[in-house]
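Hello,

Please open it alongside the text as you read.

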Amino acid sequence: MNNIIFLNTVDSTNTYLKSVINDVNEGTIVLAEEQTAGRGRFSRSWISQKYMNLTFSLLLKPNYGAEKFGLLSLLSGIAVVRASKSVTGLTTTCKWPNDVLLDGKKVCGILSELVKDSNGTSCVIVGIGINVNQTEFPEELQTTATSLSLHTHTTIDRLHLLSVLFEELKKGYEQFQSGNYSAIIQDWKKNSTMLGQHISVQQNNSTLTGIATDIADDGALVIRTDSGLMKVYAGDVTISKKGTP
Ligand code: BTN
């Protein structure tokens with residue numbers, strides 16, 4: 001993971017990487033100080049204050065069946081948790097499918113997109129946004145968003161965090177490429193407090209409620225509902241209260 005394209009301002013690092021996908025190698029990273037149209041899941045925007053945080057996208061060309069796509073978000077979340085711990089000492093946790101929480105609030109969001117290049121090769125663009133040194137958030141985000149700095153009360157060296165994170169992403173991706181999927185799932189479970197909790201998952205026009213019970217081999221979330229175990233591949237999860245696993 002060496003080729004880094006550093007941009008001052010861009011619409012979205014995911015969108016930019018998609019536009020140059022045929023001209024760059026696997027492992028290319030596009031990093032921007034400012035995104036004018038940063039994107040989150042479900043067409044939401046990702047708002048990040050210039051020079052304060054980390055917003056970047058990474059190009060992967062995994063040699064797997066597309067059915068393992070979900071695991072790439074999980075391993076990216078684990079890498080963020082580990083790098084944050086190593087650089088700041090803070091304990092963050094993974095929330096399925098691709099958020100990282102700090103004290104119950106979102107400190108990092110991950111947007112993974114599956115695209116094909118002009119050769120028909122399946123590529124995954126993993127976009128990661130981490131709130132590092134931002135201490136003020138727009139009113140509508142104040143109850144749900146936080147940053148690492150709000151908890152360390154220091155200014156965090158973003159480049160240091162980035163380099164540790166690259167190493168962690170590299171290790172996780174090597175595990176993935178070698179087919180050691182169960183290790184990724186185990187690591188994710190160790191770094192999440194979500195299993196055993198009562199959750200609701202918003203999917204298109206329906207809401208599924210139950211206890212988050214497990215992560216399946218393909219990265220899906222297994223939920224125990226009144227009608228039995230169900231696998232969920234996408235959706236917006238709200239954690240409501242403690243339950244039994
Ligand atoms: C989410 O929480 O829904 C995912 C947010 C992902 C934000 C990152 S910032 C870098 C990359 N570029 C984007 O436009 N989005 C991702």
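A word on terms before the tour: two strands count as paired if DSSP finds at least two bridges between them. Helices (H or I, at least four residues) and strands (E, at least two) are DSSP runs, numbered from the N terminus. This is a predicted model, in which local features need pLDDT of at least 70 and side-chain atom pairs count only at pLDDT 80 or more, while totals for chains, interfaces and linings use all residues. Residues are numbered from 1 along each chain as its sequence is written, and side-chain values use heavy atoms, with hydrogens and water left out.

**The sheet**

Seven strands make an open sheet with mixed pairing, in the order β1-β2-β3-β7-β6-β5-β4. At its edges are β1 (4-10) and β4 (93-95), each of which pairs on one side only. From one strand to the next the twist averages 20°. Helix α2 packs on the sheet and touches β3, β4, β5, β6 and β7 (contact means heavy atoms within 4.5 Å), and its direction makes about 145° with that of β6. For that angle, axes are lines fitted to C-alpha atoms, for helices over the stretch in contact, and angles run from 0 to 180 degrees between N-to-C directions.

**Strand β3**

On one side, β3 pairs with β2 (residues 29-35) in the antiparallel sense over three bridges, and S57 is the bridge partner of V30. β3 and β7 also run antiparallel, joined by seven bridges, with L59 opposite I125.

Why is β3 largely enclosed by the rest of the structure? Seven of its seven residues are buried, so the rest of the structure largely encloses it. Buried here means under 20% relative accessible area, exposed over 50% and partly exposed in between (1.4 Å probe, protein chains only). In a regular strand the side chains alternate between the two faces of the sheet. In β3 both faces are covered, with L54, F56, L58 and L60 on one side and T55, S57 and L59 on the other.

**Helix α5**

In α5 (residues 181-190), the buried residues are Y181, A183, I184, I185, D187 and W188. They pack against α2, β4, α4 (158-177) and β9 (206-215).

**The pockets**

A pocket is an open set of points on a 1 Å grid over the protein atoms alone, where a 1.4 Å probe fits, with protein on both sides within 12 Å along at least five of seven lines; lining residues have an atom within 4 Å of a point. Grid points are joined across faces, edges and corners, and a volume is the space filled by probe spheres set on the points.

The largest pocket has a volume of about 800 Å³. Its lining has 40 residues, with R44, W46, D99, K106 and G109 nearest the centre. β6 gives the largest share of that lining, five residues.

The second largest pocket holds about 320 Å³. It is lined by 18 residues, and F69, S73, P97, N98 and Y233 lie nearest its centre. Here the largest share, four residues, comes from α2.

Best wishes
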